[in-house]
Amino acid sequence: MPLPQNSPESRDASVLVLVPNNVSLELTWAEFARTRQGPGAFRPPPVEVLSLWAGKLLETSLLLEGQEVHPVPERFRLLAVWERVIADADAEVDRDTRSASDLAAVAREAMDAERLLVHWSSHPRGALDGSGVDLGDTYGRWRDRVRRTLKRQGWIAPHEQLLRLVERLENAGRFPVALPERLELRGFPELTRLESRLLAALERRGVDIQDTLAGRSAPELPVAGVDVHRFATPEDELRGAAVWAREQLAQGRSRVAVAVNGLAGRTEALERIFLQ
């Protein structure tokens, strides 16, 4: 059943360009101006990072409805929470003290792992609260303590903020904030499941979504540190990931990570390919 759209009088009749965190806004503006014709080339639309724009949209909607707004801590503050939780957990089991650099690296990987879980899970709410997800004893305890700490501080993590916005947009009620007429995506090598849900919810509310990468093999804009590869089959993709991991280790990296969508159903193939 389609959701009610914003009425024309409440719609923000505008174009908004959304980019990922690692794309330069200046590059995006220049690329937009290059591909436009006429006077519009000299008046580029607003450009915003998707996660920041989504956060502002959620906060505005909550304020307009008189609900409590929970701020998102800066990344360095969130990382500090993970570091403290991991250090305290180590002390409780009499583990040797990690070096500062090792502690920071482990905390960063743990923090990013939770973001990936929520962004790529088919059930992000369950991934967020840990229900039905086997996180392992150690990581599960870290994660539970981090969530309790954030709750005491009145904070939420960025991925939880995005999930809350998606859930509000998917509800059948009227959304209190005027939405853009059109959103243009630029510089995204791919969209996570959660980001795709966000865009689908916006489309159902009448927002025109234009993805500049649709049907193309690579981004038009340079994305620092990202290589995009396409494979014929899921197994070929795993082989490519295994080759990449081996190359990284051969270059002297002490840790590598491979995020696998639908890991539970691909464990056997994953073990076979990575052990070859």
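Which side chains meet in a salt bridge at 2.7 Å, N to O? In this predicted model, the side chains are those of E65 and R168; the legends below place this pair among other features of the chain.

**Figure 1. Overall arrangement of the predicted protein chain, with 10 helices and four strands.** From the N terminus, the elements follow the order β-α-β-α-α-α-α-α-α-β-α-β-α-α. The chain has 276 residues, and 38% of them count as buried. Among contacts with a separation of 6 or more, 77% are made by residues 24 or more positions apart. The accessible surface amounts to about 16200 Å², with 52% of this area belonging to carbon and sulfur atoms.

**Figure 2. Close-up of the salt bridge between E65 and R168.** The whole structure contains 12 salt bridges. In the one shown here, the side chains of E65 and R168 meet at 2.7 Å, N to O. E65 belongs to the loop between α2 and α3, whereas R168 belongs to helix α7; the pair thus links distant parts of the chain, 103 residues apart. E65 is partly exposed, at 39% relative accessibility. R168 has a relative accessibility of 18% and therefore counts as buried, the limit for that class being under 20%.

**Figure 3. Close-up of the salt-bridge network formed by R147, E160 and R164.** The side chains of E160 and R147 meet at 3.6 Å, N to O. This pair joins helix α7, which holds E160, to helix α6, which holds R147, across 13 residues of sequence. The side chains of R164 and E160 meet at 3.0 Å, N to O. Both R164 and E160 lie within helix α7, four residues apart, or about one turn of the helix. E160 is buried, at 8% relative accessibility. R147 is partly exposed, with a value of 27%, and R164 is likewise partly exposed, with a relative accessible area of 27%.

**Figure 4. Close-up of the largest nonpolar core, which comprises 28 residues.** L165, L183, L198 and L202 touch the most other members of this core. At least two residues each are supplied by β1 (12–19), α2 (50–64), α7 (158–170), β3 (180–185) and α8 (193–204). Helix α2 provides the largest share, six residues. Beyond its neighbours within four places in sequence, L165 is in contact with A54, L57, L58, F175 and L198. Another core, of 17 residues, lies apart from this one and includes L78, V85, I86 and V106.

Figure 5. W82 is part of helix α3 (residues 75–92) and Y139 is part of helix α6 (residues 137–153), so the pair ties together parts that are 57 residues apart in sequence. Both W82 and Y139 are buried.

**Figure 6. Close-up of a nonpolar surface patch of about 390 Å².** The residues that make this patch are W244, L249, V256, V258 and F274. F274 is located in helix α10 (residues 267–275). With a relative accessible area of 32%, F274 is partly exposed.

Key: Residues are numbered from 1 along each chain as its sequence is written. This is a predicted model: local features need pLDDT of at least 70, side-chain atom pairs count only at pLDDT 80 or more; totals for chains, interfaces and linings use all residues. Side-chain values use heavy atoms; hydrogens and water are left out. Buried means under 20% relative accessible area, exposed over 50%, partly exposed in between (1.4 Å probe, protein chains only). Contact means heavy atoms within 4.5 Å. Accessible areas come from the Shrake-Rupley method with a 1.4 Å probe; for residues, only the protein chains shown count as cover. A nonpolar core is a set of buried Ala, Val, Leu, Ile, Met, Phe, Trp, Tyr and Cys residues joined through side-chain atoms within 4.5 Å. Patches are made of residues with over 30% relative accessible area and no salt bridge: like charges are joined within 9 Å, nonpolar side chains (Val, Leu, Ile, Met, Phe, Trp, Tyr) within 5 Å. A salt bridge is a side-chain nitrogen of Lys or Arg within 4 Å of a carboxyl oxygen of Asp or Glu.
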